[in-house]
Amino acid sequence: MKLSRRAMIRDGMLVVSAGMVMPAVFSRGVASARALTQEGSRVAQVSNDHTLIVVQMAGGNDGLNTVVPYTDSTYHKLRPTIGLTEDKVLRLDDRLGLHPNLSALKGIWDKGELAIVEGVGYPHSSLSHFQAMDIWQTLDMSGNGSEGWLGKLVSGFVDKDGHPFQAMNIGTQTAQALASISTPIPTLPSVQSYRLSKDVAEHDGGDARLQALMKLYNTYPRSSPFAALLDTTATNARDGGQQLQQADAAYHPAVTYPTDSFSLGLKTLAETIVQGLGLRVGYITLGGFDTHANQTTIHQNLMKTLSDGLSAFYRDLELHGKADNVIVMTWSEFGRRVEENGSLGTDHGTAAPMFVLGKGVKHGLFGEPPDLTSLDIDGNLKYTVDFRSVYATVLERWMGASSKDVLGGTYPIQNFLPAL
Amino acid sequence: MDLHEQPTQPFGSNNEMDGEPDALTQPIVQSPLPEAVNRSASPAPSANNHFSRRALFAGLAGGVTVALAGGVALAEWEQQSGNPSTDSGTLAPGTQRQIGHLLRKTGFGVTAADLTTYSALGYSGTVDRLLNYNQVSDTVLEQLLSARSLDLTKARNQPQWWLLRMVYTQRPLLEKMTLFWHGVLTSNYQKVGGPTLYQRMIVQNNFLRAHAFDTFDNILLGITSDPAMLFYLDLTRSHKNAPNENYARELMELFTLGLGHYSQQDVEAAAAALTGWHVKGGTYEAQYNPHDHADRELTFLGHTGNLNYKDVIAILANHPATPWFIARKLFTFFAYENPSNEDLQPLVDAYTQNKHSIGAMMRALLLSSQFSSVKAYRSRIKSPTEFVVGSYRALGTKSSGKELPTQTYLLGQTLFSPPNVAGWPGDKVSSLWLNSGTWMSRLNYINLMLTGGRTAGVTYKPLDIQSIVDTQHIATPVAFVAYFASFLLDGNITADRTSQLVDYFTTPDPVSRKGHVTLANGTSYPLSKVRGTLYLMLAAPEYQLN
C-alpha cells in the first residue's frame with residue numbers, strides 16, 4: 001500500500017498535503033487534529049502582532065519574600081529569621097515592598113510599567129511540584145494533562161509568512177506549557193548551537209547531504225512510532241536554523257547582558273524580536289526556587305538574576321524601539337509556607353504574586369492580598385485570584401485570542417491590561 | 001539481610017553519635033548559583049492520551065488517505081512492506097534484530113564485535129550474561145579509568161567518568177540500571193553540600209551501582225541514608241522538633257507510591273518518623289542520631305506506633321501500590337511507554353514472590369513476550385546518553401572523554417544534574433528528548449565524529465573509513481550499507497532505505513575535496529559521499545530510536 005506523502009496521521013498528528021484545501025489557520029501545512037473535529041469552533045484566532053514572554057520560576061518561588069507584606073506583624077512573627085524588614089525592602093506602598101535585589105524591577109515599577117497580581121493560585125492546590133506544574137501548564141486540574149495552554153495557542157496561530165519562530169523555548173527541553181499535538185516548538189539553549197555543521201569534504205556546503213537526509217525523513221514510514229514528530233522536527237530545524245543564523249549576523253544587543261544562562265536566553269529572545277522573526281510566544285525557565293533550607297542566600301541570588309536579566313532584556317528592546325509590543329509574565333507552580341521551617345527555609349505553599357511588565361500593562365497592584373491570619377489547614381495562604389483568570393486576561397487583552405478556546409472555560413478578566 | 005541491621009553504623013562508620021551531628025554546627029557551603037545551569041523544570045506529560053486517534057479522524061474530508069497513528073500500526077506496515085518476522089507480533093527469536101534490540105534497551109547499543117559475541121549466546125544466554133554481570137570481567141574498564149586518574153571531587157569530571165564507564169564496560173545492563181536509578185532516586189551535584197563535597201554524587205552513584213538489582217527495601221534504606229540524598233532533599237536539616245517535609249513527600253510521590261496513595265498528614269507523619277539521619281559535616285558519610293529522632297506515637301498510612309525510618313521504608317516497600325509503581329517505571333524505561341496492567345503483572349509478581357528483588361523484576365521483564373514484541377521495537381526516542389555513548393562506541397571513536405558531558409548537555413541531559421527531583425521527563429515520555437535544537441545537536445555530534453574537529457577542547461580525528469573498508473573487505477556500496485546497518489540498525493533496513501543510501505553513495509562528486517575511498521572491488525568513490533552515507537544512516541529517523 002502506498003500512502004500519499006502529505007496526508008496522514010502520525011503520533012496523533014495530522015499532516016496535511018500541500019495541495020489540500022484547508023482552512024487558512026492551517027496554512028503551515030501542519031494542522032491541529034483536534035481542531036478539525038470541532039468544525040466551526042474558533043481556534044484561538046489571533047488578530048495582532050503582540051508578543052508574550054513567559055518566565056517560569058521553577059521550584060516554587062517564595063512569594064512572601066518577593067513581594068513582601070513588610071508591615072504585617074503576622075509575617076514577622078511567622079518568619080523571625082528569614083523575614084525581610086522595612087529597612088530592607090524596596091517600598092511599593094504602605095503595605096508592600098519588593099525584595100531588595102529586585103531593584104531593576106523596582107525601576108520599571110517606578111516608570112509605571114509593572115503590574116503585580118497578588119494571591120494567585122487555584123482551588124484544592126497541590127503541594128506536589130509536579131502536579132502543580134502540570135496544572136499551571138495544562139490546566140488539567142487532575143495534573144494529568146498533556147497539551148499545554150501555550151501549545152494550544154500557538155497551534156492556532158495564523159501566520160501567512162510561515163514563520164518558524166512563532167514560538168520559541170529557551171533550553172534543551174520544551175516546556176509542557178508549549179506542548180502541542182500539532183506544532184513542535186523550536187527549542188534551543190543558544191543561537192550558536194542552532195545550526196547544522198557541514199562536512200569539509202563537501203563542495204556544496206552540505207546541501208546535497210541535507211536534501212538526502214530530508215528525503216529519509218519524508219519517506220520514513222508514517223505508521224512508525226514518532227514518525228510525525230521526527231519529520232516535523234527535522235523540517236522545523238532546517239528552516240528555523242537558517243533564519244536564526246541570518247538574524248544573528250545582523251543583531252547587535254543595545255545593552256550588556258549579565259553572563260548567566262537566564263540572561264543569555266533572554267538575549268536570544270530579544271534577538272528574534274528585534275530581527276522580526278515573528279515571535280509571538282517566548283518561554284524561558286529560571287530554576288532553583290525550591291528553598292527548603294538556607295533560603296536567604298539562594299533566594300537573593302535568584303531575585304537578582306531574575307531582575308537584572310529581565311531589565312536588560314526590556315532595555316534592549318526599548319533601545320531597539322521594539323518594546324511596545326512585548327509583555328513579560330512570570331509564574332511559579334506555588335508559593336511557600338507562611339511560617340518558616342526549622343532549616344532556615346520554607347516548605348511548599350500555595351498562592352503567590354505574579355509579575356506582568358511592559359509598556360502595555362496598567363501599573364499597580366491587582367487581585368486581593370491573601371490574609372496571613374486566615375490560613376488553610378496546612379498553614380498555607382488561601383488564594384484570591386485564579387491563575388486561569390490571569391491567563392484569560394493575557395489571552396483576551398494582549399494576544400487577541402479567545403481565552404475560552406484556549407483555556408476551555410470562561411474566567412474573569414483582570415484589569416492589569418486595558419481592553420484591546 | 002537488610003542493609004541497616006545496625007542502623008547507627010550503616011556504612012561501617014565507627015563514629016558513635018554524641019550530641020549534635022557535625023552538620024548542625026559546621027556551616028555547609030551552599031550550592032552554587034542556580035543559574036549556572038538553567039534548570040528547566042517542565043514535568044512529564046501524562047501517560048494518558050486524552051483522545052482517541054481513530055475517533056478523531058472519523059470525519060475527515062474525503063479524498064485523503066489516512067493511516068492509523070503510532071506503534072500499533074507498525075506490524076501492519078511491516079507486513080505490507082514485506083519485512084520478515086513480524087507476523088506474530090514478536091521479533092523473531094535469536095535474530096540480529098532481536099539481539100540488537102535487547103542490547104540497545106539494556107545497554108548502549110552494539111559494536112560489530114559485540115554483535116558477534118552476543119549473537120553466539122542467543123537471546124536467553126545474553127539475558128543471563130547481562131544479569132549475571134558479576135561473572136563478566138570488567139578489568140579493562142577499571143584499568144582504563146585508573147589510568148585516566150580523574151579527580152572525582154571536581155564536578156566536571158564526574159559525568160566524564162561515568163560516560164567512559166558506559167563506553168567501555170562489559171556489563172552494559174549494570175550501567176544502564178544505574179542510569180535508571182539515577183533518574184528515579186536522583187540528586188543533583190549542585191545541592192549536596194557545596195564544591196568541596198561534590199564527590200558525594202560519586203558515593204551515591206557507587207551505591208546505586210552496587211545495589212542496582214538488590215531488594216527494593218535495601219535500595220530505599222541505602223538512599224535514605226545516602227549523604228548526597230540527605231542533603232539534596234533536606235533530610236539532614238530535619239530535626240525531631242522541626243521535621244522537614246521534603247524527603248518524606250518525594251519518597252512517597254516519586255520513589256514508591258505516586259500521588260493519590262497518601263495524604264498531607266502522612267507526609268507530616270513520615271517527616272517526623274524519618275528524623276535522625278544526618279550527613280557528617282564535611283565528609284562522605286552519614287550517621288543516625290537516635291537523640292534527634294522524633295520519639296512519639298505517629299500514624300503513617302494506617303500504621304500507628306513510635307515509628308522510625310526503618311518502619312517507614314518497610315511500610316512503603318510492602319504497600320500494594322509500590323510494586324506497580326516501580327514496575328511501571330522499569331517497563332517504561334526499558335520497554336515502552338503506557339504499559340497496561342497486564343504488561344506489568346509479571347514484574348509485580350516477581351517483586352512479591354522474590355522478597356522485593358529488583359533483579360527478579362528485570363529478569364521477568366527481559367524474558368517477557370512484551371519486551372521482545374514489535375510494539376517494543378524502536379519504541380522510544382534515544383536519550384542523549386544513549387545516543388552519545390551508543391554512537392561513540394559504534395564508530396570506535398577514541399578520545400579522553402572530556403568532551404562527552406558537553407555533548408550530552410547539548411542533547412538535553414547532564415548526568416549528576418537532573419532538572420529536578422523527578423529526574424528527566426524524557427525517561428518517562430521519551431518524545432520530550434527530541435526537539436529542533438536537540439535534533440541538530442545529535443546530527444552535529446555525528447558530523448564531528450565522522451569528519452573530525454574540535455569540541456570542548458578535544459580534537460577528534462576524522463573516522464578512517466578506508467581502513468574499515470579494507471579490514472572488512474567491503475566490495476560494493478550495498479555491502480557498505482549492510483555492514484554498518486548490521487550494528488547501527490540491527491541489520492533491519494528496508495530495501496527502499498538501502499536504495500536511497502546507495503544512490504547517495506554513488507552520486508558523482510567531481511570536486512570532492514578530501515580524496516576518495518576505494519572499495520575491495522577496486523572502485524573509488526568520493527569521500528564526501530562515502531562518509532555522507534554513514535552520516536545519513538546515523539542522522540536518519542531509525543537511529544534516533546531505541
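1. The model is predicted: local features need pLDDT of at least 70, side-chain atom pairs count only at pLDDT 80 or more, and totals for chains, interfaces and linings use all residues. Residues are numbered from 1 along each chain as its sequence is written, with chains lettered from A and ligands numbered from 1 in written order.

2. Chain B has 25 helices and eight strands (DSSP runs, H or I of at least four residues and E of at least two, numbered from the N terminus). Of its 546 residues, 56% count as buried (20 or more other C-beta atoms within 10 Å of the residue's own).

3. Domain 1 of chain B covers 1-15 + 215-377 and domain 2 covers 465-544; the bounds come from an automatic or database assignment. Their C-alpha centres lie 50 Å apart.

4. The largest nonpolar core has 265 residues (buried Ala, Val, Leu, Ile, Met, Phe, Trp, Tyr and Cys joined through C-beta atoms within 7 Å). Its largest share, nine residues, comes from helix α9 (residues 295-319) of chain A. Domains 1 and 2 of chain B each supply at least three. L347(B) is among the residues with the most contacts inside the core. Not counting residues up to four places away in sequence, L347(B) touches A327(B), L330(B), F331(B), M361(B), A364(B) and L365(B).

How values were computed
A residue is buried if 20 or more other C-beta atoms lie within 10 Å of its own, exposed if 12 or fewer, and partly exposed in between; C-beta atoms are placed from the backbone. Two residues are in contact if their C-beta atoms, placed from the backbone, lie within 7 Å.
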